[in-house]
Amino acid sequence: LVIGHLNKNSLGSKIEDLKDIVESYIDIIILSETKLDGSFPTQQLKINGFSEPFRKDRNVHGGGVIIYVREDIPTKLISTNEINFEGIFLEINLRKRKWLLFGGYNNHKRNLDTFLGELTHVLDMLIKSFENFILLGDFNSEMSDSSLIEFCELSNFKNLVKGATCYKNLSNPSQIDLI
């Protein structure tokens, strides 16, 4: 199973490029900073071989999360009306095991504590129903941030990303997209 995350920074004009990457190589892809709203019909965003995407839009100026799952992978959206942040929770069924999958976007480093607090609150409600879980997204903060360290230690999480993921500053890339 290949799961990935990309900060797309506006999906609307880049959907064809995404299709070329995803259709052949990826089983589940989470995109953050999609910059979509209701003016982008879901039909326009469909990818062959994938179920209808799960969306949490903000607006065309920022934010948003979308998750594509290959159509042969049993998936169910977990309704979490209490979420006050940009994220989507899915139940994925693989080999008779239920996985909790989260794809999210924290829009700014200064909001990290609030984002992690909300995420922890929802995870506390959901985690007991799942043997396995994967959290992916743009956390807009380095793993060395004390809030992320504490979040991972309290939940016994381990980040799988070992290198830089963001190259806004080529001489000082950062690791803000985490798994």
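Visitor: How many aromatic pairs does the structure hold?
Guide: Eight. Rings of Phe, Tyr and Trp (its six-membered ring) pair if their centres lie within 6.5 Å; planes under 30 degrees apart count as stacked, over 60 as edge-to-face, the rest as tilted. This is a predicted model: local features need pLDDT of at least 70, side-chain atom pairs pLDDT 80 or more, while totals for chains, interfaces and linings use all residues. Residues are numbered from 1 along each chain as its sequence is written, and side-chain values use heavy atoms, leaving out hydrogens and water.

Visitor: What about phenylalanine 85 and phenylalanine 102?
Guide: Their ring centres are 5.9 Å apart and the planes sit at 55°, so the pair is tilted. Phenylalanine 85 is in the loop between β5 (75-77) and β6 (86-94), phenylalanine 102 in strand β7 (residues 97-105), so the pair ties together parts 17 residues apart in sequence. Strands are DSSP runs of E, at least two residues, numbered from the N terminus.

Visitor: Are those two buried or exposed?
Guide: Both phenylalanine 85 and phenylalanine 102 are buried. Buried means under 20% relative accessible area, exposed over 50%, partly exposed in between (1.4 Å probe, protein chains only).

Visitor: Which residues do ring pairs link into a cluster?
Guide: Phe85, Phe89, Phe102, Phe115 and Phe139.

Visitor: New topic. Where does serine 32 lie?
Guide: In strand β2 (residues 28-32). Serine 32 is buried, at 0% relative accessible area.

Visitor: What does its side chain join by a polar contact?
Guide: The side chain of histidine 5, at 2.9 Å. A polar contact is a pair of N or O atoms within 3.5 Å; within protein, one must be able to donate a hydrogen and the other to accept it, and residues adjacent in sequence count only if both atoms are side-chain atoms.

Terms used: Helix = DSSP H or I, 4+ residues; strand = E, 2+ residues; numbered from the N terminus.
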